[in-house]
Amino acid sequence: MKIKNTTQRYGLIAILLHWLMAILLIGLLILGLYMTSLPISHEKLKLYGWHKEYGLLALFLVIFRLAWRLTNLVPVLTLPLWEIIAARTVHWLFYVFMFAMPITGWLLTSAAGLPPSFFGLFVLPVLVSQNDQLMKLFQEIHSYLGYGLIALICMHVSAALKHYFINKDDILQRIFS
Ligand code: HEM
């Protein structure tokens, strides 16, 4: 397998980034929904800490992933025009959500007056000063984005499964090898 993409196949880096981000995003969605449902406790605070650290990791990875996407070839999609447009729209919407989720998370902890730490290695600056109303607003946006991201993942997975089981083409296999 090549490191970089070709016009026919994804390369190793694109495949690794795809699956790493998929695991990270799904994990963060589950963790986010679970931790917010818990009563206030030591456990809840510990999970909030992990959520913020892995959320920031997702932000750093998506910066690298976007740079990789913009400087690499993208394998062609030999599909009807409407499907190409639908697939590309969903792919770009993923980038919007992959940036918007961690940035609104960072904004909401900033507005709560809590600068987020990255695995104890360094502390990120606060993006806005402490403000309860702003915190509630960013909390709501972060939550709606979470549900939007879940809907997007469902569409993306359904399309991939349709290609595998109904069209029987190699679209799904291309992101494995
Ligand atoms: C891709 C990255 C991320 C995803 C997918 C994600 C997802 C979620 C989800 C689904 C929730 C539950 C929302 C609800 O109440 O319905 C949540 C809550 C939360 N997230 Fe994130 N998040 C991400 C990144 C971050 C980052 C980077 C931070 C902070 C540095 C952060 C801070 C928080 C906090 C503090 C809450 C709890 C809000 C509350 O108490 O209501 N998140 N997140």
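Colleague: Let's start with K168. Is K168 buried or exposed?
Modeller: K168 is exposed, because its relative accessible area is 65%, over the 50% cut-off. Keep in mind that this is a predicted model.

Colleague: Where is K168 found?
Modeller: K168 sits in the segment after α4.

Colleague: What about the phi of K168?
Modeller: The phi of K168 is positive, about 50°, and K168 is not a glycine. Most residues other than glycine have a negative phi.

Colleague: Step back a bit. How many helices and strands does the protein have?
Modeller: Four helices and two strands. Along the sequence the pattern reads α-α-α-β-β-α.

Colleague: What box do the C-alpha atoms fill?
Modeller: Roughly 50 × 30 × 25 Å, along the principal axes.

Colleague: How much of the protein is buried?
Modeller: Buried residues are 36% of the 177 residues.

Colleague: And what share of the contacts comes from residues 24 or more positions apart?
Modeller: 66%, counting contacts with a separation of 6 or more.

Colleague: Now helix packing. How do α1 and α2 cross?
Modeller: Helix α1 covers residues 12–37 and helix α2 covers residues 42–70. Their axes come within 9 Å and cross at roughly 155°. That is over 145 degrees, so α1 and α2 are roughly antiparallel. The crossing of α1 and α2 is left-handed.

Colleague: What kinds of residues make up that contact?
Modeller: The contact of α1 with α2 has 20 nonpolar, five polar and two charged residues.

Colleague: OK, α2 and α3 next. At what angle do they cross?
Modeller: Roughly 145°, with the axes of α2 and α3 coming within 10 Å. The crossing of α2 and α3 is left-handed.

Colleague: Which residues meet there?
Modeller: On α2, they include K52, L59, V62, I63, R65 and R69. On α3, R88, W92, Y95, M98, P102 and W106 are among them. By class, the contact of α2 with α3 has 12 nonpolar, two polar and four charged residues.

Colleague: Tell me about Y95. Is Y95 buried or exposed?
Modeller: Y95 counts as buried, because its relative accessibility is 9%, under the 20% cut-off. Y95 is in helix α3.

Colleague: What does Y95 touch?
Modeller: V62, R65, L66 and R69, leaving aside neighbours of Y95 within four places in sequence.

Colleague: How far is Y95 from G32?
Modeller: Their C-alpha atoms are 19 Å apart. Along the chain, Y95 and G32 are separated by 63 residues.

Colleague: And how accessible is I63?
Modeller: I63 has a relative accessible area of 46%, so I63 is partly exposed. I63 lies in helix α2. The C-alpha atoms of I63 and P102 are 11 Å apart, and the two are 39 residues apart along the chain.

Colleague: Where does α4 come in? How do α1 and α4 pack?
Modeller: α1 and α4 pack at about 135°, with their axes 11 Å apart. α1 and α4 are therefore oblique to each other. The crossing of α1 with α4 is left-handed.

Colleague: Which residues of α1 and α4 meet?
Modeller: H18, I26, L29 and L33 in α1 meet G146, Y147, L149, I150, I153 and H156 in α4. That contact has seven nonpolar, three polar and no charged residues.

Colleague: Last topic, the core. How many residues are in the largest nonpolar core?
Modeller: 30. M21, V62, F94, M98 and L149 have the most contacts inside this core. α1, α2, α3 (81–111) and α4 (132–167) each supply at least two residues. α1 gives the most to this core, eight residues. In soluble globular proteins, nonpolar side chains tend to be buried together.

Colleague: What does F94 touch?
Modeller: L149, L152, I153 and H156, not counting residues up to four places away in sequence.

Notes
Residues numbered from 1 in each chain as written. Predicted model: local features only at pLDDT ≥ 70, side-chain atom pairs only at ≥ 80, totals over all residues. Heavy atoms only, no water. Axes fitted to C-alpha atoms, helices over the stretch in contact; angles between N-to-C directions. Parallel < 35°, antiparallel > 145°, perpendicular 65-115°, else oblique. Left-handed = near helix turned anticlockwise from the far one by under 90°. Nonpolar A, V, L, I, M, F, W, Y, C, P; charged D, E, K, R; others polar. Core = buried A, V, L, I, M, F, W, Y, C linked by side-chain atoms within 4.5 Å. Buried < 20%, exposed > 50% of the residue type's maximum accessible area, 1.4 Å probe, protein only. Contact = heavy atoms within 4.5 Å.
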